[in-house]
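Keep the viewer open as you read.

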Amino acid sequence: MTSEEPDYDQIAKVLAAQQQAARNAGKRRGERPRDLPSRNQIIDEFTMVSLNYRMNSYMVNTTVIGEPYHPSTASLNTLKKISIRDLKIEINHRGFYMLLRFLCPPMRMTAIMNIAEDEQGTANPFALYLQEPEHVRPAQSILKQNRVFILKEPYFKVGTNGQYAIRVDHPTDIIWLFEDDPRIPENWRSKSFKETKPAEYWKKQGNDLVNVGKFYDAIEMYSRGLRSSPTSAEEEILRNNRALANLRIEAYDAVLGDVSFIAKLEDRSEKALYRGGLALYGLQRFDEAAEVLRVLETKFPDSADGKRELARTLLRIKEQKTGVYDWKKLYMASQLRPPKIDSASFTGPIEIRDSPSRGKGLFTTKQVKAGDLLLCEKAFSYCFAAPPGEAVKAKSISPASVLLDVPGNRGFFRTQADIIRDVSNKLIMAPSFKSEFEALFHGSYESVPSTPVDGAPVVDTFLVAKIINFNCFGCPLTSKDAISDPEWNRASKLPSTIQHDEGSQSPLYRTTGLWLKASFINHSCDPTCRRSFLGDLQIVRAARDLPAGTELTFSYLVVLGKSPEDPKSLNRRLLEGWGFECSCPICDEDKELPPTIKNRRSRLLKEFDNIAKTNLKKKKEVLQQLESTYSRPPTEVPRSQMWLPLFSLVPLYATGKHISNEKAVDQVLSTFASAGYIIKGARLLEVEELPPRIRVEKWGLPNEGATSAWLTLRNAYKAWGDMDRAEQAKEFARISWMLFIGEDFSFVWENPPKV
């Protein structure tokens with residue numbers, strides 16, 4: 001987070017307070033407090049704070065990451081019971097568990113809070129982190145008053161206000177107990193517990209809850225029914241109904257567990273087949289989903305829902321295998337909130353391999369051409385921040401969210417806190433995703449084996465946070481919308497969605513996403529591929545012709561609509577964010593360049609910007625001086641800072657007293673050459689073969705201006721009467737457009753005149 005961010009000073013103060021509290025607590029590590037407040041005092045204070053929070057209509061959601069600790073991987077039967085009074089400050093009580101009950105209605109702050117008591121009647125504040133937002137799952141359905149639970153290997157801490165609290169960063173450390181669990185003390189049970197209810201009763205309770213959208217509570221009711229000695233027919237109904245509730249909360253693995261109660265597909269009911277197919281679809285296992293839905297279509301030919309879902313699944317399989325997408329429909333879907341697009345991921349001729357000194361990387365498996373689609377990947381997790389003016393409430397939308405990394409001394413004002421929560425819950429709901437997610441780079445953090453314990457998944461949320469820190473990216477709603485250059489926008493037939501604050505040109509890349517396969521692409525300022533975004537899709541295309549075995553790289557920090565960042569500044573940010581410095585030719589040359597040459601180049605660039613637009617002579621003089629600050633040819637070290645100055649001369653040759661088609665073309669080609677392009681057969685009077693042909697022997701550094709540059713060449717050839725090269729230039733413009741936008745659907749083939 002930088003000082004330009006909104007509320008920077010306030011957030012910096014909160015971070016400093018958290019760090020001071022952590023230092024103070026560290027001094028008391030291992031101490032057993034003797035000044036625990038009374039039960040009544042704790043409840044009264046909590047009630048007052050809760051009332052104040054409910055009266056506050058707007059809060060910035062804040063998540064605080066403290067010192068990492070591992071989740072519990074111990075089986076409950078190996079642990080000993082411990083009471084609140086035996087807890088020690090800043091200690092994970094390994095080898096112990098607590099049996100607790102909530103005393104109050106919960107409240108949502110930086111965590112979901114409540115007051116928990118043990119069997120001795122000792123009470124203490126309790127904080128559970130990384131839960132779904134209130135509009136998705138109310139706090140009341142998570143930390144219910146009077147709910148009993150077991151907490152394995154509890155962590156006890158002191159907060160910023162000096163208050164003691166039991167803090168849970170790993171939700172899988174909790175074992176929630178149903179009302180009929182024999183481990184619940186008799187005096188904590190409700191009066192109705194001893195009343196025996198049949199399976200039909202619990203089924204009806206669950207159905208009623210599903211009808212009002214209380215899916216978590218419904219799952220509990222169906223589970224109670226399954227423990228009430230149901231008949232075989234009743235069990236099948238209860239499982240199918242529970243599968244529906246799990247489907248609604250995207251617990252896809254649990255859905256498959258319930259519908260597979262009947263092993264053979266052909267023996268399953270219509271509901272079981274339909275819900276199982278949807279669960280497989282949600283897991284993006286489209287071939288398996290199609291298999292289930294084909295059985296549904298065969299067995300129940302009148303199922304309209306089954307036919308519709310099979311058709312939808314077959315479209316996903318086609319996308320997955322061919323990489324052919326209906327871009328018009330995808331743009332329409334990007335208007336949804338959140339813009340999670342119903343499509344499949346396509347993986348082209350690429351594979352994950354070891355990358356020398358970089359860990360893992362993505363490499364081409366065969367020769368590809370510039371513009372070829374290498375990857376079109378749906379986000380594993382995508383948390384959308386609405387553009388200015390949009391007021392929306394839906395899952396994965398966060399209009400204001402702050403993440404405070406206390407040990408890392410960092411704050412983030414975007415949706416990174418939401419994505420940590422989203423991924424943590426996703427791994428709990430669908431543990432089959434864990435191995436692929438946990439294979440991503442996570443720095444030096446060493447987690448523990450996270451195999452299921454006592455039949456439940458184990459999720460290390462600090463590992464999740466580390467992986468997200470290194471692998472998630474901010475992104476625009478669509479890359480096309482990120483274009484602020486009107487010259488670029490006139491080459492598009494689609495209107496843009498404003499993603500800027502009023503009066504500001506700084507793009508609000510608050511939305512963050514995590515793409516599993518794209519996360520293996522390493523950084524380079526001189527990239528071999530380009531990425532773009534459309535909703536929650538990341539589109540990766542080859543930035544040049546690549547032989548088999550070429551590693552894919554792109555810039556982690558490039559921002560559309562902004563001038564290239566100074567290599568020294570860029571490497572400082574890379575070091576802070578990812579722990580490395582770039583060693584591409586551009587950065588190596590910058591490190592070798594004497595400070596006097598750097599300063600001269602910077603001074604000349606500023607001087608060039610201040611020259612009158614029509615003063616061609618002076619511009620050419622300064623450009624010549626700028627050229628002298630470079631010692632290596634642009635084919636070895638692209639000159640990213642030279643594109644705009646060089647291309648700014650093109651309009652002077654296209655209009656006014658200096659008009660010359662030949663000079664305009666030569667100037668465009670000089671601009672391309674500065675970026676490392678090698679283009680043959682493109683000069684107006686350079687006709688090496690008939691019909692004339694433009695050959696791009698080497699694609700240079702991708703530049704936003706490349707589309708306009710190629711279209712300028714096209715118009716010059718057209719005016720010259722050279723329609724062959726005009727069409728070729730148009731094709732190169734299309735490829736350049738795709739590199740930055742991801743598709744060519746929105747590209748205008750006939751470049752319209754300026755408005």
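On a 1 Å grid over the protein atoms alone, a cavity is a set of points where a 1.4 Å probe fits but cannot get out, and its lining residues have an atom within 4 Å of a point. Rolling a probe the size of a water molecule over the atoms shows where empty space is left. Grid points are joined across faces, edges and corners, and a volume is the space filled by probe spheres set on the points.

Before going further, note that this is a predicted model, in which local features need pLDDT of at least 70 and side-chain atom pairs count only at pLDDT 80 or more, while totals for chains, interfaces and linings use all residues. Residues are numbered from 1 along each chain as its sequence is written, and side-chain values use heavy atoms, with hydrogens and water left out.

By the cavity rule, two cavities of 30 Å³ or more turn up. Let's take the second largest cavity to begin with; its volume is about 30 Å³. Around this space you will find Glu236, Arg239, Asn240, Asp258, Val259, Phe261, Ile262 and Ala272. Helices and strands here are DSSP runs numbered from the N terminus (helices are H or I, at least four residues; strands are E, at least two). Helix 5 (232–248) and helix 6 (252–259) each bring at least two residues to this lining, and helix 5 gives the largest share, three residues. For residue classes, Ala, Val, Leu, Ile, Met, Phe, Trp, Tyr, Cys and Pro count as nonpolar, Asp, Glu, Lys and Arg as charged, and the others, Gly among them, as polar. The lining of the second largest cavity then has four nonpolar, one polar and three charged residues.

The largest cavity holds about 90 Å³ of space. Its lining includes Thr63, Val64, Ile65, Tyr129, Leu130, Arg167 and Asp169, and Leu403, Ile420, Thr461, Phe462 and Ala465 line it too. At least two of the lining residues come from strand 1 (61–65), and at least two from helix 13 (461–471). By class, this lining has eight nonpolar, two polar and two charged residues.

One of those lining residues, Ile420, also belongs to the buried part of helix 11. Buried means under 20% relative accessible area, exposed over 50%, and partly exposed in between (1.4 Å probe, protein chains only). How many of the 14 residues of helix 11 are buried? Twelve are, so this helix is largely enclosed by the rest of the structure. Helix 11 (residues 416–429) reaches 20 Å from its first C-alpha to its last, close to the 20 Å expected at 1.5 Å a residue; the expected span is 1.5 Å times one less than the number of residues.

Ile468 sits in helix 13 and is buried, with a relative accessible area of 1%. Contact means heavy atoms within 4.5 Å. Leaving aside residues up to four places away in sequence, Ile468 touches Ile419, Ile420 and Val423.

In soluble globular proteins, nonpolar side chains tend to be buried together. A nonpolar core is a set of buried Ala, Val, Leu, Ile, Met, Phe, Trp, Tyr and Cys residues joined through side-chain atoms within 4.5 Å. The largest such core here has 146 residues, and Phe437, Phe672 and Trp710 touch the most other members. Helix 23 (residues 723–741) gives the most to this core, with nine residues. Apart from it lies another core, of 24 residues, including Ala25, Ile82, Phe126 and Phe156. Turning back to Phe672, its contacts are Trp643, Tyr677, Ile679, Ala706, Ala709, Trp710 and Leu713, not counting residues up to four places away in sequence.

Now look at the loop between strand 7 (123–128) and strand 8 (148–152), where Arg147 lies. Is Arg147 buried or exposed? Arg147 is buried, with a relative accessible area of 13%. Its contacts, again without residues up to four places away in sequence, are Leu100, Arg101, Phe102, Ser141, Ile142, Trp176, Leu177 and Glu220. Leu130 is found in the loop between strand 7 and strand 8 as well, and is buried at 14% relative accessible area. Phi of Leu130 is near 60°, a positive value in a residue other than glycine.

Gln284 also has phi near 60°. Gln284 lies in the loop between helix 7 (270–282) and helix 8 (286–299) and is partly exposed, with a relative accessible area of 28%. Finally, the peptide bond from Arg337 to Pro338 is cis, with omega near 0°; Pro338 is in the loop between helix 10 (327–333) and strand 12 (346–347).

Technical notes. On a 1 Å grid over the protein atoms alone, a cavity is a set of points where a 1.4 Å probe fits but cannot get out, and a pocket is an open set with protein on both sides within 12 Å along at least five of seven lines; lining residues have an atom within 4 Å of a point.
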